[in-house]
Amino acid sequence: MNKLDILLGLQWGDEGKGKVVDALTPNYDIVARFQGGPNAGHTIKFEGKKFVLHNIPSGVLTPGCVNVIGNGVIIDPYILKGEIEGLCEAGFDLRQTLKIANRAHLILPTHRAMDAANEKALGKMKVGTTLKGIGPTYTDKTARKGLRIGDIGLADFCDKYNHLKESHLQQIKNLDFDMDELRLDGMTFADYEKAWFEGVEYLKQYEFIDSEYYINEALDAGKKVLAEGAQGSMLDVDFGSYPFVTSSNVIAAGVCSGLGVAPNRIGKVFGIFKAYCTRVGTGPFPTELFDETGELLRQNGHEFGATTGRPRRCGWLDLPALKYAVMLSGVTDLMMMKSDVMDDFKTVKVATGYRYNNKETKHLPFAACTETMEPVYTEIPGWQQKIEGQIPQKLEDYIKFIENYVGVPIKFVSYGPDRTQNVWR
Ligand code: GDP
Ligand code: IMO
Ligand code: MG
């Protein structure tokens with residue numbers, strides 16, 4: 001049976017998924033996103049050009065590749081319109097190659113307002129969301145109240161919109177949130193809502209599909225399909241550091257529900273991680289560094305959010321967390337990113353366990369919390385050499401240490417942001 005491959009992040013997002021999907025796309029006919037929304041920011045660099053994608057799959061820069069936004073994704077028409085127009089200006093016409101699932105849910109302007117109101121109400125306990133309306137939209141999806149892409153063409157779309165908007169405004173009022181103060185991408189709510197409806201109209205020129213049939217029939221016809229994850233496994237709504245997570249299943253299981261593909265149709269699972277760790281937003285991060293080494297990782301790695309511009313928290317590689325993520329998704333091939341960021345380091349540390357309640361463990365505790373968990377580190381000599389054609393021996397030793405711990409081979413090592421800066425092992 002022809003199977004679909006998956007590429008997903010194994011840490012807290014921003015592992016470099018965009019770069020790798022773009023680099024792998026020549027091997028695929030279709031790239032499909034299966035969850036998340038414009039909270040994602042996937043960077044692709046080549047020939048001195050830089051693109052950051054939020055809703056559109058990262059296969060879009062490869063001519064001929066079809067890009068599907070699957071049913072598990074949530075879409076803000078204003079943001080998607082801007083993204084398509086930006087690509088169009090750069091010479092990429094998506095009218096034949098971008099397809100959007102009828103069943104994908106819409107992020108309404110009031111979903112974004114609710115995201116802001118919820119975060120404000122949480123105060124110190126806020127999640128540090130991207131404020132794109134992700135939580136409220138997935139909440140409405142599971143509460144069976146949401147609006148979907150396929151609803152756009154229906155006669156009662158505006159009625160449904162107004163009905164949902166009114167119920168949101170009531171909830172926002174209950175939170176004592178001042179809508180007059182709200183700015184969405186620099187706009188007042190009224191201006192944003194107008195731009196949102198322009199986005200809705202704009203999207204009508206694109207093909208809305210039943211993506212479950214489209215993907216399964218493409219697989220039956222022998223087409224090669226890659227599912228592109230967003231966020232990272234440690235932000236998964238079930239297995240991440242709840243409640244400091246996103247609102248979707250970002251692990252491989254999310255592909256089955258987010259594209260309508262059965263488990264026996266899953267082939268390779270590429271799991272991607274940085275040679276260290278980063279996190280944006282609040283929540284536990286056991287190996288976080290607050291010293292000059294953390295700052296060095298941030299500066300060398302340009303660790304500032306692709307969606308929000310926020311500085312990313314930085315720390316050492318966390319192997320128990322990596323192994324957990326590999327287990328959850330059945331990762332077959334590991335890909336290590338950004339080893340170049342530590343090229344000058346004399347030594348590198350990796351967490352191989354935690355001290356938790358006075359005991360050592362290799363499992364992530366249910367009540368993971370930075371205050372009560374202390375990482376147990378192994379120190380490894382740095383490689384102090386760049387990758388030039390081949391991997392330096394000491395970097396090989398670092399790679400083998402990770403492979404031995406996790407039990408899955410590292411097949412691909414990335415040593416720079418450009419699509420060509422990779423070595424296959
Ligand atoms: P994504 O969300 O997983 O697609 O990752 P982001 O695009 O948010 O963040 C990854 C950042 O690292 C981007 O700025 C990439 O251009 C950059 N990048 C990717 N791979 C490498 C690498 O191997 N080395 C370096 N130095 N930068 C990389
Ligand atoms: P990519 O696909 C890094 C984080 C937010 C916040 C939490 C919940 O680029 O790797 P949300 O807006 O989803 O409700 O925020 O999840 N987050 C990400 N962190 N990369 C991402 O996407 C993220 N998407 C969401 O910072 O902590
Ligand atoms: Mg990102």
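Student: In β7, which residue is the bridge partner of Val68?

Tutor: Happy to. The partner of Val68 in β7 is Lys99. Before going on, please note that this is a predicted model, in which local features need pLDDT of at least 70 and side-chain atom pairs count only at pLDDT 80 or more, while totals for chains, interfaces and linings use all residues. Residues are numbered from 1 along each chain as its sequence is written, chains are lettered from A and ligands numbered from 1 in the order written, and side-chain values use heavy atoms, without hydrogens and water.

The pairing belongs to strands β5 (residues 66–69) and β7, which run parallel and are joined by 3 bridges. Strands here are DSSP runs of E with at least two residues, helices are runs of H or I with at least four, and both are numbered from the N terminus; two strands pair if DSSP finds at least two bridges between them. β7 also pairs in the parallel sense with β9 (residues 207–209), again over 3 bridges, and there Ile100 has Phe208 as its partner in β9. Within β7 (residues 98–101), Leu98 and Ile100 point one way, Lys99 and Ala101 point the other way, and all are buried (buried is under 20% relative accessible area, exposed over 50%, partly exposed in between, with a 1.4 Å probe and protein chains only).

Asp14 sits in the loop between β1 (4–9) and α1, and Gly41 in the loop between β2 (30–33) and β3, so the pair ties together parts that are 27 residues apart in sequence. Asp14 counts as partly exposed at 22% relative accessibility, whereas Gly41 is buried at 12%.

An oxygen atom of ligand 1 is 2.9 Å from an N or O atom in the side chain of Asp14, and an oxygen atom of ligand 1 lies 2.8 Å from a backbone N or O atom of Gly41. Taken alone, ligand 1 exposes 590 Å², and the protein buries 93% of that (Shrake-Rupley areas, 1.4 Å probe; for residues, only the protein chains shown count as cover). In total, 18 residues surround ligand 1, counted when a heavy atom lies within 4 Å. α1 gives the most to this shell, with 3 residues.

Asp14 reaches ligand 2 as well: a backbone N or O atom of Asp14 lies 2.8 Å from an oxygen atom of that ligand. Taken alone, ligand 2 exposes 550 Å², of which the protein buries 98%. Around ligand 2 there are 21 residues, and Asp14, Lys17 and Thr130 are among the closest.

Technical notes:
A polar contact is a pair of N or O atoms within 3.5 Å; within protein, one must be able to donate a hydrogen and the other to accept it, and residues adjacent in sequence count only if both atoms are side-chain atoms.
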